[in-house]
Amino acid sequence: MSENNTLININVQICDRPYRLKVKPTEEEVVRKAAKNISDKVKELQEQFAGKDKQDYLAMCALTLSVENQAVHSNHQHVDSEILNDIARMDTMLTKALD
C-alpha cells in the first residue's frame with residue numbers, strides 16, 4: 001500500500017467534543033487547521049452573540065465559512081479570467097509580430 005493510500009487516526013476537538021478521524025498523512029495538517037478554524041470561529045461567535053446553543057453557533061459558523069469560501073472561489077474565477085485575457089492579448093501580439 002502506498003503512503004498516499006495509508007490512513008492515520010487523528011483526534012480533533014470542535015465545540016468541546018472530540019472527534020476521531022481517519023485521514024491521509026498529507027491531509028492531517030489541513031484537517032487540524034480546519035478544526036482549529038471552526039473552534040476559533042465558534043468562540044468568536046459566542047463572544048458576539050450570547051445565549052445561543054452550540055448548534056446555533058455551529059450553524060452560524062458553517063454559514064460564515066461557506067460565504068468566505070464562495071468569495072474566495074469567485075475571486076479565483078475573476079483572476080483566472082484576467083490571466084486568460086492577458087494570454088490572449090500576448091498571443092495576438094506575438095502573432096502580429098511574427099507576420
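Is the crossing of H1 and H2 left-handed or right-handed?

Modeller: The model is a predicted one, and in it the crossing of H1 and H2 is right-handed. Helix H1 covers residues 28-48 and helix H2 covers residues 54-98. The two pack at an angle of about 115°, and their axes lie 9 Å apart. On the H1 side, the contact is formed by Asn37, Ile38, Lys41, Val42, Leu45 and Gln46. On the H2 side, Tyr57, Leu58, Met60, Cys61, Thr64, Leu65 and Glu68 take part. Sorted by class, this contact holds eight nonpolar, three polar and two charged residues.

Some of these residues also belong to the largest nonpolar core, which has ten members. Val42, Leu45, Tyr57 and Cys61 are among them, and each of these four is also named in the contact of H1 with H2.

Leaving aside residues up to four places away in sequence, Val12 touches Arg17, Pro18, Tyr19, Leu21, Val31, Arg32 and Ala35. Lys33 of helix H1 stands 21 residues from Val12 in sequence, with a C-alpha to C-alpha distance of 9.7 Å. Lys33 counts as exposed because its relative accessible area is 53%, over the 50% limit.

Cys15 is not a glycine, yet it has a positive phi of about 55°. Asp16 lies in the loop between S1 and S2 as well, and this residue, also not a glycine, has a positive phi of about 65°. As background, most residues other than glycine have a negative phi.

Asp40 and Cys15 are 25 residues apart in sequence, and their C-alpha atoms are 9.4 Å apart in space. With a relative accessible area of 36%, Asp40 is partly exposed. In helix H2, Gln55 is exposed, at 62% relative accessibility. Gln55 and Leu65 are ten residues apart in sequence and 15 Å apart from C-alpha to C-alpha; Leu65 is one of the residues in the helix contact.

As for the whole chain, there are two helices and two strands, and from the N terminus on the elements run β-β-α-α. The C-alpha trace spans about 70 × 45 × 15 Å along its principal axes. The radius of gyration is 22 Å, whereas a compact globule of 99 residues would have one near 13 Å. Buried residues account for 12% of the 99 residues. Of the contacts between residues at least 6 apart in sequence, 20% join residues at least 24 apart.

Definitions and conventions: Residues numbered from 1 in each chain as written. Predicted model: local features only at pLDDT ≥ 70, side-chain atom pairs only at ≥ 80, totals over all residues. Heavy atoms only, no water. Axes fitted to C-alpha atoms, helices over the stretch in contact; angles between N-to-C directions. Left-handed = near helix turned anticlockwise from the far one by under 90°. Contact = heavy atoms within 4.5 Å. Nonpolar A, V, L, I, M, F, W, Y, C, P; charged D, E, K, R; others polar. Core = buried A, V, L, I, M, F, W, Y, C linked by side-chain atoms within 4.5 Å. Buried < 20%, exposed > 50% of the residue type's maximum accessible area, 1.4 Å probe, protein only. Rg over C-alpha atoms; globule rule 2.2 N^0.38 Å.
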